[in-house]
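Work through the exercises below with the structure open. Each task is followed by its solution in steps.

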Amino acid sequence: MTAVLFFLAAIGALAGAVGVVALRNPFYSVLALVSHLIALAALFLLLRAEFVAAAQVVVYAGAVMVLYVFVVAYVGGQDDPLHRPGGALKVLAPLFGLAVAIELCIAMLGTALKGISSDGAPYVPGFGTPEHIGALFLTTYLFPFEVASLLLLVAAVGAVVLARRRRGLEPEPEVDPRLHAPRSAFSGTMAEAAGFRAGAGTTTEPEKQIEPIGSQTSPAGVGSAADQPEGGW
Amino acid sequence: MSTTTFGWLVLLFPLLGMIIISLGFRRLPGTSAGWLGTLAIGLAFAAAVCALISILGQPDTHRELTSKLWDYDVSAGVDAQLSILVDPLSIFMALVVSGVSTLIFLYSIAYMKSDRGYNRYFAYLNYFVFSMLLLVLSGNFLLLIVGWAGVGAASYLLISFWYRRTTATSAGIKAFVINVFGDVGLVLGTFFIFRHTGTVDFQKAFAAAPHVFSHNSTDLVAGCLLLLVGAFAKSAQVPLHTWLPDAMEGPTPVSALIHAATMVTAGVYLIARMHPFFEIATTAADVGAIVGCVTLVVAATIAVVQTDLKRVIAYSTMSQIGYMIMGVSVGAYSAGLFHLMTHGFFKALLFMAAGSLISAMGGEQSLDRMSGFRKAMPFTFICFIIGGLALSGLPPFSGWLSKDDIIGYLDNRGGGFLILGIAGYFGAFMTGLYTFRMIFRAFWGEPCAEARELEDGHLVHHDVPTNPQTGEAEDTDVGFPGAEHHIAERDLSMRVPMSVLAVLAVIGGVLQIPGIDNALTNFLEPTFANSHLYHLEGSTGAEWAGLIIGAAIAVAGIAVAYRTWVLRPGTSAALQARFVRIHTFLYNKWYFDELQDALVVRPVQWLGRFTETVLERGVIAGGVTGGTVGVVRAASAAVRRAQTGFLRYYAAVVIVGLAGMALYFLISAS
Amino acid sequence: MAIGWYLTVSALIFCIGAVGVMIRPNPLVILLCLELMLNAGNLALVAFSRMWGREDGQIFALIVMVVAACEVTVGLGLIVAIYRRRLPINVDELSELHG
C-alpha cells in the first residue's frame, strides 16, 4: 500500500516538475507546479510529516501559487518565442542536469549511511504533529522562528516598494558637460578606464556618447551604448 | 642679564613684532602696525647695544659666547642645536642690521602710509630683519642655513610686495630662484666641511679646521667655493647678481633694507665668519677676491649709463659689496666690515633720499625726466649730497676712510693683490663719476615740471599711477602702491631717520682712523684672534698715502662728472654717439641677463620641454603608465567577456560548479 | 519504502528544476523552477528527518518554505516592476550587467 502510494505520489511530483519546465505557457507551468506541490505533500505525509504537508498545501499550493497566478494574469502569459538566443545552452543544460543527477545517485548508492536503505526510525506517536513542531519552534528554534518572521516582513515591504507605481519617468540625471570634453590619452577616471564614459549609462542622447580618445585602443570596451534599452530609466 | 640673554632678546623682539602684526593685521588701525614694527626693531637694537656694553665688560679672551636653548638632535656624529654665538662680529652685525633697520622702519611709517598693504608690509619687514638677525647670530651651520633661507624668502615677499605689478612678481621670482641656487651652494659647502670636522657648531668646527684640513686641501677648497656660491648669490656678485637691479621693483624702503642693512651684506658676513676655512683654502679666498674685484668694476661701469635712479644706486651697491667681498676674502676683515657699516649708513641715506625724490616725481624713476630739484627739495638735496660724497669717498666722510682702508690693505699685501688694489682705485673713480652724474642730473639744470610744481608748494600726483618700468596703469584702489606720495620735506618720520643717517654718514668713519684710533679693529679682534692675516695692515704713513690717493681719485671722478653733466651738458650725448657700441654694451648690463638666459634658462627650458614631451609623454605616460593600463585593460577585457549578463548562462555556470564539486567529493571519498 | 527512494525523487526534482532555470528565458518560469529546487531540498530534509526520527529536519523545511515565500514575493515584485517599465519580460534581454 505504502509503495503504491509512494510511486503514485512520486510519479505525480516528477510529472509536475517536468510540466513546469516543459510547458511553454507560464500559466500552465504554474498549474503544473500546483499539482507537483500537492503530490509532494502526499510524499510528506508518507514520511509522517503531517504539519509540513499541511503547510505545503495551505501555504504553498494555496497562497503562494495564487500570487503566481495573479502575476501571470497581470503580466500576460506570453508563450516563449521559438527561436531565441542561447541555443547551445538548450542542449547543454539537460546534460549538466543529468550529470548532477547521476552524481547524486552514485552518492546515494555508495553512501555508508545505513539508514538510507531502512524505512526510517521506529515511529513514535506524535511525530510530526503540529503540537511537536510548535513546541520546538517556541523552545529550541525560537530564534530562527523570530528571524523568519522578520524576514517575511522585510520581503513584504520590499515587494511593495518594488511594485509601487511611480509617478511618471524620473528626470534625466544632469551630466556635467566637462566629462565629455575631449581629453588627452591616459588621463581620466576609472569609469573611462573600463571603457565607459561617466554617466554613459544614464543618457541616451547619441551626441553625448563621445568616447574618450584613450578608449579607442580597446575596442572591447566601446559597446556599452549599443546595448542600452530604448526607454530611459 | 648675561650677554647671551641679550643675544636671544635681539632675536625675540623682531619675531614677536612679526607675529603680533601678522596675527592682528586686520585689527591694527592706522599706522599702529608701523609703530609696533619700529618698536620691535628698536628694542632689538637696544638689546644689541646692551649686549655690546655687556661684552665690553668681559676680558678679551671671554668674548666668544655660545648659548643654546635646546638640542634638536645630538647623536652619533650630529650635534644640531638651537644655539647662538655672541661674539664681537655677531654683535657688530646685529648692531648694524637692527640700527639701520630701525631707521628704515621709521622712514617706512610715513612713506608707505597710503598703501593698502601697510600691515602686511610691516609683518614682512619684521620677518626680514628677524631672518637676518638669525643669520648673523646663529651659532652653527644649521641655523645659519635657516636664517639664510629665511632672508631669501623674505626678499621674495618684499620684492614682489606690489604683487599686481607683473614686473615685481617676476623680479621676486628671479631673486628667489637665484637665492635658492645660493642656498644649495651653502648647504653643499656646509656638508663638505661637516664631513671632515664632524660638527656643525661654528666654534668646534673652527677649532678643528687646522687639524683636519691641510693647506688648500681639495675638499675644503670645494666646500669654500660652494660657500662662496651662496655668498655671491646673496650678495649679488657676478655672475649671480642679476636679481639685485630687478629687486628695485619693491618699495623704496625695501630697497634700502636689502641694500644697506640686510641681505646683501650676508655674503660679506659669511666670508668673515668662515675666515678660518678661507685662510686655509687660499685658492677659494683668491676666487672670492677676484670675483669681488670683477663685480666692483662691472657694476660701476654699468651704473654710469643707467637712467633709472634706483638702478644706479643698486649697481653702486653691487660695486660697494664687491669691495667688501674683495676685502674680507684677502683678509682685510676689519676694513671690509668697516665698509659694510659705513656703506649701510650712506646707502640707506641715498635710498631714502631717492625715495623722497621719486615721490616728488609722482612715482617716476627715470633720470631723464628729473632735473633741477635743488631748490624744490633742499633737505633731500643735502642728504643726497652727503650720501653721494660718502659713497664717492671724499674726506672727511665715512666712505673715504672705509673704502681706502680696504684698498690700503691690498696695496700693503703687494704682488697680485696690487692689481686688485688698482682695480679698486678705478672703481673709486667710476663711483665718483656715476654718483655725481646721478646727483647732477637730478638736482642741477633747469627745474622740470614736477620741480616747479613743488617750488609752488604742490606735490605732483599723476592722474593715473603707472608702473615706471612698463607704463602699465596701476590699480591703487586695490592698493599697490599707495595712491599718495610722501616726501621728506613734509614728513617728520622720514626726515628724522635721514638726518640721523646723514650724521652717521659724515662721522661714521671715526671708528677707524689710521694712526689715531683703531676702535673697530680692536673690538673685532677676539673673533679674528686665530687669523694670521688680521694684522697685516700697512704702516700709518702708507695708509694715509692711500687715503690721499683715494680722495684725489674720487675728486677726479666728481670733477669729470661736473664737467660732463653741468659745465657742458651736451658732452654725454656726444660721448654716447661716439662710443655707441660701448654704450649699448654697458646699457644692456654687459648682457649678463642674456648670458644667463642662454646658459641656464634656455637649456633648462629645453630640458623641461624634452622631459615633458619625450620622457613624460613617451616613457612615463606611454610606456610605464600606458603599458600598465594596457595590460590591465587587456586582462579586464578578457575577464569581462565572461560577464555576459545572461542570467541563464550564470545559472549554468553555477550548476557546472556544483557538478564539479560533487565530482570532487565523490572521487575523494572513493 | 526505503528513505533512499525519497532521496532519489528529491534529486531528480532538483535536477529538473536546475535544467528549467537554465533553459527557460521567462523570469516567471525561472522562479517556478527555483520553487522546484527548493521543494526538492524540502523533500530531502523531511526524508532525513524521518530517517533519524527527529523533527529538526521538518523545522528546517518549514523555514525553507518561509524563505521561499519571501523569495517569491520579491521576485514577483521585480517582475511587476519590470513590466511597469515596459521592459521585456525576458532574462536574455535584461542583460545590462554584462561586462
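**Exercise 1: Chain B as a whole**

Task: For the contacts in chain B between residues at least 6 apart in sequence, find what share joins residues at least 24 apart.

Solution: The model is predicted. Take the contacts in chain B whose residues are at least 6 apart in sequence; 81% of them join residues at least 24 apart. Next, list the secondary structure: chain B has 26 helices and 4 strands. Then turn to burial: of the 670 residues in chain B, 53% are buried.

**Exercise 2: The nonpolar cores**

Task: Which residues touch the most other members of the largest nonpolar core?

Solution: The largest nonpolar core holds 214 residues, and L133(B), A348(B) and L349(B) touch the most other members. Helix α15 (residues 333-360) of chain B supplies the largest share of this core, 18 residues. Another core, of 85 residues, lies apart from it and includes A659(B), L36(C), F48(C) and V72(C).

Now follow L349(B), setting aside its neighbours within four places in sequence. Its contacts are then C383(B), I386(B), G387(B), M498(B), L501(B), A502(B) and A505(B).

**Exercise 3: Chain B against chain C**

Task: How many residues of chain B are in contact with chain C, and which helix of chain B gives the most to that side?

Solution: Count the two sides: 11 residues of chain B are in contact with 11 residues of chain C. On the chain B side, helix α26 (residues 647-669) gives the most, with 5 residues. Sorted by type, the chain B side has 5 nonpolar, 3 polar and 3 charged residues.

Notes:
Residues are numbered from 1 along each chain as its sequence is written. Chains are lettered from A and ligands numbered from 1 in the order in which they are written. This is a predicted model: local features need pLDDT of at least 70, side-chain atom pairs count only at pLDDT 80 or more; totals for chains, interfaces and linings use all residues. Two residues are in contact if their C-beta atoms, placed from the backbone, lie within 7 Å. Helices (H or I, at least four residues) and strands (E, at least two) are DSSP runs, numbered from the N terminus. Ala, Val, Leu, Ile, Met, Phe, Trp, Tyr, Cys and Pro count as nonpolar, Asp, Glu, Lys and Arg as charged, and the others, Gly among them, as polar. A nonpolar core is a set of buried Ala, Val, Leu, Ile, Met, Phe, Trp, Tyr and Cys residues joined through C-beta atoms within 7 Å. A residue is buried if 20 or more other C-beta atoms lie within 10 Å of its own, exposed if 12 or fewer, and partly exposed in between; C-beta atoms are placed from the backbone.
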